[in-house]
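Biologist: I'd like to go through how the chains sit against each other here. Could you take my questions one by one?

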Protein chains: 4
Amino acid sequence: MKVNGVEVEETFAEAFDIKIARVLITAYDYDWAYVAANEATGFGTSVIMCPAEAGIEKKALPSETPDGRPGYYIQICHMSKKGLEQQLLARLGQCVLTAPTTAVFNGLPDAEEKFDTGNKLRFFADGFEKQVDVGGRKMWAIPMMEGDFLIENDIGYVNGIAGGNFFIMGETQPSALAAAKAAVQAIADVEGAITPFPGGIVASGSKVGANKYKFLNATTNEKFAPSIRGQVPDTQVPEGVKAIYEIVINGISIEAVKEATRVGIEAATKIPGVVKITAGNYGGKLGKHLIHLNELF
Amino acid sequence: MKVNGVEVEETFAEAFDIKIARVLITAYDYDWAYVAANEATGFGTSVIMCPAEAGIEKKALPSETPDGRPGYYIQICHMSKKGLEQQLLARLGQCVLTAPTTAVFNGLPDAEEKFDTGNKLRFFADGFEKQVDVGGRKMWAIPMMEGDFLIENDIGYVNGIAGGNFFIMGETQPSALAAAKAAVQAIADVEGAITPFPGGIVASGSKVGANKYKFLNATTNEKFAPSIRGQVPDTQVPEGVKAIYEIVINGISIEAVKEATRVGIEAATKIPGVVKITAGNYGGKLGKHLIHLNELF
Amino acid sequence: MKVNGVEVEETFAEAFDIKIARVLITAYDYDWAYVAANEATGFGTSVIMCPAEAGIEKKALPSETPDGRPGYYIQICHMSKKGLEQQLLARLGQCVLTAPTTAVFNGLPDAEEKFDTGNKLRFFADGFEKQVDVGGRKMWAIPMMEGDFLIENDIGYVNGIAGGNFFIMGETQPSALAAAKAAVQAIADVEGAITPFPGGIVASGSKVGANKYKFLNATTNEKFAPSIRGQVPDTQVPEGVKAIYEIVINGISIEAVKEATRVGIEAATKIPGVVKITAGNYGGKLGKHLIHLNELF
Amino acid sequence: MKVNGVEVEETFAEAFDIKIARVLITAYDYDWAYVAANEATGFGTSVIMCPAEAGIEKKALPSETPDGRPGYYIQICHMSKKGLEQQLLARLGQCVLTAPTTAVFNGLPDAEEKFDTGNKLRFFADGFEKQVDVGGRKMWAIPMMEGDFLIENDIGYVNGIAGGNFFIMGETQPSALAAAKAAVQAIADVEGAITPFPGGIVASGSKVGANKYKFLNATTNEKFAPSIRGQVPDTQVPEGVKAIYEIVINGISIEAVKEATRVGIEAATKIPGVVKITAGNYGGKLGKHLIHLNELF
């Protein structure tokens, strides 16, 4: 199949289950909301060695938020319910409560499952907390140095998807990279999806396990490593490809991940020097969700 | 004492010991270096509940770096040597190795103590790694999807300082906040110092321990909380002060922390509506380093 | 009337007629589209001494653009048809044709009036230009150093509105400024409206003509100058107001200007330290459009 | 000659004389200083059809500025003294005086020639202006809505250089563009030099005059247009080159332009997919200054 003239391999991305909490952070303006959202989602690329996977999902217009201020939705993702609760507590407590002018709202008010993260963080007020209502939400006001910090009592979470992905192969490294950047920006407008890696991009796609260093859970995917193409008999790097970037997508639903994959590929294939799109799958070792690229178009 | 017409209280900031590793990240341009530096230093405001304290220290000009590319120095801070090594491994492995076009160098080549973080991360190459030399540095080249990632064998660390601080008191919240932002930008040019909180600013200064909720190690510093000024008999919020922001400073030396404090106060006191500067100290419960504000000017 | 607890004076903004061309600029990604949009709309705050009024209106999603790439809508405004055509030619020819990866589309395809700016700029190709079709638009491909630059043959323009405005009065300068910034960001999502001044904000609101220096067409509006409040008998600066910022709004329709005024005031009045909103009017000397603030809520 | 393994042609850039005024803009923080600097230097790529050439030169640290605030140096360039004075007056009056929290200082205090731009702009105060001293500079305080705007009485200018340049040829368009961006960022740290085009980059390098459309002063440089390589017998596009970007450099001295050219080429040649560097010259039709690329290394 071709998209914008570029070959999209008839293969599939293999994705896995993860638990995802979604938080709405508002502030004076988008810049201050971003400062908090960015700190709270840092060190959050992969559960392999990060304490969580996390990312900024999208802007929230003032007309969409309970306090009428601009903001960002973020997602925090973890394999276990317990781990997710701990990460929510730590990331909201240390990176948003501490940030200038922010308030925190439940980003999934309709979710069946939730944590009482706001109720736990209110203890920081050491007895001075007060319950307040903002747009029908049950909130806590926590007196601090900047004034009162407001956080909703409950934060919802769902069973979501991690590891949606596609690979961008380029004639030159800057071509593959410009395409990856365009893909990430297109995905940034998709409701419910995040790209948790740095700048949304993975430079170092990995395989499950190792051939030589068996003590590692994940090592370089040598079949997709251009610089050792000549040393890997079953290389999957096409001739003339100098660099490959992977876009990894998490989402609160399989539909969100699929839509993100589709718009990402549409955007990437518009950049000159992109020669092929494919996806990563691991024989079912990674997860049970299969996203067939050719069914997206 | 007055600085730029604003009262600076004759008090001191109480700071404590911490171990700090310093890493130089280079890339195609400052934007891509920033993407990696930012991801690697996220979720890193306070060791109270973050896995490390971390921040971007300063730009590195192409003429200053071993590979002649632009970059950023970052600092990773931890109370223990073991914890610091684990954080370096995880943050560089998950947030910089994975980021587009980056290379990693020892940011403290003269430090006596070091971790062989590069030597450990090379195992990701699963046998395809190669030792190379860049500007006299012993590096590992790790073949990946984007090409080869280069990282220095050793990363140096020192006994540094955490918790340097000052408080900015404003007539209005935006005045205190504009002053805090100006202070953080001024500190960004100080060699060896970082401001690890979101946007460099703390909205929620805390005290050690709690009065009511004794199960917490840190709770709101109610004496500096303007919204409950009337409820706290020994409040230290001056009349007319509506908001206070704290700037927390870590540094690789006490001199760096002092210089950062000085330029930060100079910058903050130039913003209209700032009425007083003071600092946080906790009767020696927090740390042994005392930075007297009036000795800085 | 009060909005978010802040007094909004029962007065009106006086706006005037202007001709507005609207251009859609697309590129690899939002960053490159912004580079071109920003250069093309610079030196464009006020027709008093700028060659045009100009601003970036809003983002265009890839799904909304003829070439499926991300972009920005910009507006170029001039009092005369001839002047507008000259400005379009110069700004698109010097600031967008010259910018990396851009294409230019008519941002008002349904407008009755239009300039054949693309047809004129194609001569830059010195005979190598080719007519092409993109999404049903008649375009010219101009071979250049980066490859082919594409521009639509016609650019539409309408009779629009300039000088819509409101004033934000603050207890401190940073309060008024933070409110102005929040207002500008809220207006950035309004279809059809721009805020042409630096960062969308006017620090120097003026009156028509002069009292002392009669050779000037516009001078400081001394009745709204806080620092000389004591010297101006008929000052309109309320007691306790230290700074005032004006938001000036242009738009392709009176409805767009009104909606921008409304969301701007909503956003500004959420910032602490804002004490009053009013608007600028000049006894009909400036223009015929009156926007009554109290009718907006 | 090779730089970083890339061929640098033994040719020269042809540059011409221009008059350059240099202005220092300070503000609350770098962000607000940038807002003013950016507006004041917009619509300023080429004197062919822009009212001036203009650009942001570099950051000014708080420790370097007369008022101890952060800022940016900008340059405004014009072929004539009279035109330069008019542009200074219009750009400072409309784009900096109107911008939040700014002050304006002479950026060339040692220049022999100067305009009394501050003295002329003070009339905006309509009689309320006051002369003040800041760090030994003779300034005017102009009461406005935000408070007092301060501007120095005199702004210096020199006989500078325009049109310094080099061309970056890439295997793919994104390679050439990534190299151009890296070059521009490297030049941003060079004292005295600017890159006036959008994002510092020219996508549309031109020749003097025209072959077919003789009514134009400048048309596409078809010999360097990759998409018509097959149609231009004396093409200078090497085989395999898909895109070329030009970096145009202005500076207050020939040394600044040369240093900018050198660091720009050093940076560009580090990006993968760059195959050749050359420069633009026009048989002396453009200017008298010749910068030989091979003498820079």
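Biologist: How many salt bridges does the rule find across the interface of chain D and chain C?
Modeller: Bear in mind that this is a predicted model. One pair that meets the rule is Lys207(D) with Asp126(C), whose side chains meet N to O at 2.7 Å. The cut-off is 4 Å, so that pair qualifies. For the interface of chain D and chain C, the count of salt bridges is two.

Biologist: And which element gives the most to the side of chain D that touches chain C?
Modeller: Polar contacts there come to 39 residue pairs between chain D and chain C. On chain D's side, the elements giving two or more residues include helix H1 (30-40), helix H2 (81-95) and strand S15 (243-251). The top contributor, with six residues, is H2(D).

Biologist: What area is buried between chain D and chain C?
Modeller: The contact draws 79 residues from chain D and 79 residues from chain C. In chain D, Phe43(D), Asp126(D) and Met145(D) lose the most area to chain C, together 15% of what that side buries. Carbon and sulfur atoms give 64% of the total buried between the two chains, which is about 6200 Å².

Biologist: Which residue of chain B comes closest to the rotation axis?
Modeller: Chain B superposes on chain D by a rotation of 180 degrees with 0.0 Å of shift along the axis, at RMSD 0.0 Å. That makes the relation one of a two-fold axis. With its C-alpha at 6.4 Å from that axis, the closest residue of chain B is Lys59(B).

Notes
Residues are numbered from 1 along each chain as its sequence is written. Chains are lettered from A and ligands numbered from 1 in the order in which they are written. This is a predicted model: local features need pLDDT of at least 70, side-chain atom pairs count only at pLDDT 80 or more; totals for chains, interfaces and linings use all residues. Side-chain values use heavy atoms; hydrogens and water are left out. Contact means heavy atoms within 4.5 Å. Buried area is the accessible area (1.4 Å probe) that two parts lose on being put together, summed over both. A polar contact is a pair of N or O atoms within 3.5 Å; within protein, one must be able to donate a hydrogen and the other to accept it, and residues adjacent in sequence count only if both atoms are side-chain atoms. Helices (H or I, at least four residues) and strands (E, at least two) are DSSP runs, numbered from the N terminus. Copies are superposed by least squares on the C-alpha atoms of residues with pLDDT of at least 70 in both.
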